[in-house]
Amino acid sequence: MSRAAPVPPHVIARRQHIGRQIRAARLARNLTQEAVALRIGMDRATYVRIEQGQSSPLLDTLILIADALGVPLSMLVRE
């Protein structure tokens, strides 16, 4: 059984950056993590892991988050 290669540090850093962008957009709209998670049909714990950069969301999930926050997807992933 093969194991997946460890995630390179630069990928983790970019994932954390996206999480910070999501958090900033959420706070700018005065939404709680729970409110966003409910809007996208996700449990709060999973949403928190995305916002903290601990979990790598699917593109579909990023689109749902952008829609829930009322921002363009590009705003969440810009560098």
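What follows is a friendly conversation about a predicted model and the terms used to describe it.

Modeller: Before we start, this is a predicted model, in which local features need pLDDT of at least 70 and side-chain atom pairs count only at pLDDT 80 or more, while totals for chains, interfaces and linings use all residues. Residues are numbered from 1 along each chain as its sequence is written, and side-chain values use heavy atoms, with hydrogens and water left out.

Colleague: Thanks! How many helices and strands does the chain have?

Modeller: The chain has 5 helices and 0 strands, in the order α-α-α-α-α along the sequence. Helices (H or I, at least four residues) and strands (E, at least two) are DSSP runs, numbered from the N terminus.

Colleague: How do you know what the radius of gyration of the chain agrees with?

Modeller: The radius of gyration is taken over C-alpha atoms, and the globule rule is 2.2 Å times the number of residues to the power 0.38. For 79 residues a compact globule would come out near 12 Å, and the chain has 13 Å, so the two agree. Along the principal axes, the C-alpha atoms fill a box of roughly 45 × 25 × 20 Å.

Colleague: Why is Thr-61 called buried?

Modeller: Buried means under 20% relative accessible area, exposed over 50%, and partly exposed in between (1.4 Å probe, protein chains only). Thr-61 has 13% relative accessibility, so Thr-61 counts as buried. This residue is found in helix 4. Leaving aside residues up to four places away in sequence, Thr-61 touches Met-42 and Ile-50, where a contact means heavy atoms within 4.5 Å.

Colleague: And what makes Asp-67 exposed?

Modeller: Asp-67 has a relative accessible area of 56%, and therefore counts as exposed. Asp-67 is in helix 4 too. Its C-alpha atom is separated by 9.9 Å from that of Val-36, 31 residues apart along the chain.

Colleague: Which residues of helix 2 are buried, and how do you know where they sit around the axis?

Modeller: In helix 2 (residues 33-40), the buried residues are Gln-33, Val-36, Ala-37 and Ile-40. They cover an arc of only 100° around the axis, so they lie on the same side of helix 2. That arc is the one of the directions from the helix axis to the C-beta atoms. Leu-38 and Arg-39 are exposed, on the face turned away from the buried side of helix 2.

Colleague: Why would residues three or four places apart point the same way?

Modeller: An α-helix has 3.6 residues a turn, so residues with that spacing point the same way.

Colleague: What covers the buried residues of helix 2?

Modeller: The cover includes helix 1 (9-28), helix 3 (44-51) and helix 4 (59-69). In helix 3, Thr-46, Tyr-47, Val-48, Ile-50 and Glu-51 are buried, and the buried residues of helix 3 pack against helix 1, helix 2 and helix 4.

Colleague: What makes the phi of Asn-30 worth a look?

Modeller: Most residues other than glycine have a negative phi. Asn-30 is a residue other than glycine, yet its phi is positive, near 55°. Asn-30 is in the loop between helix 1 and helix 2, and its relative accessible area of 72% is why Asn-30 is called exposed.

Colleague: Which glycines with a positive phi follow helix 2 and helix 3?

Modeller: Gly-41 follows helix 2, with phi near 70°, and Gly-53 follows helix 3, with phi near 75°.
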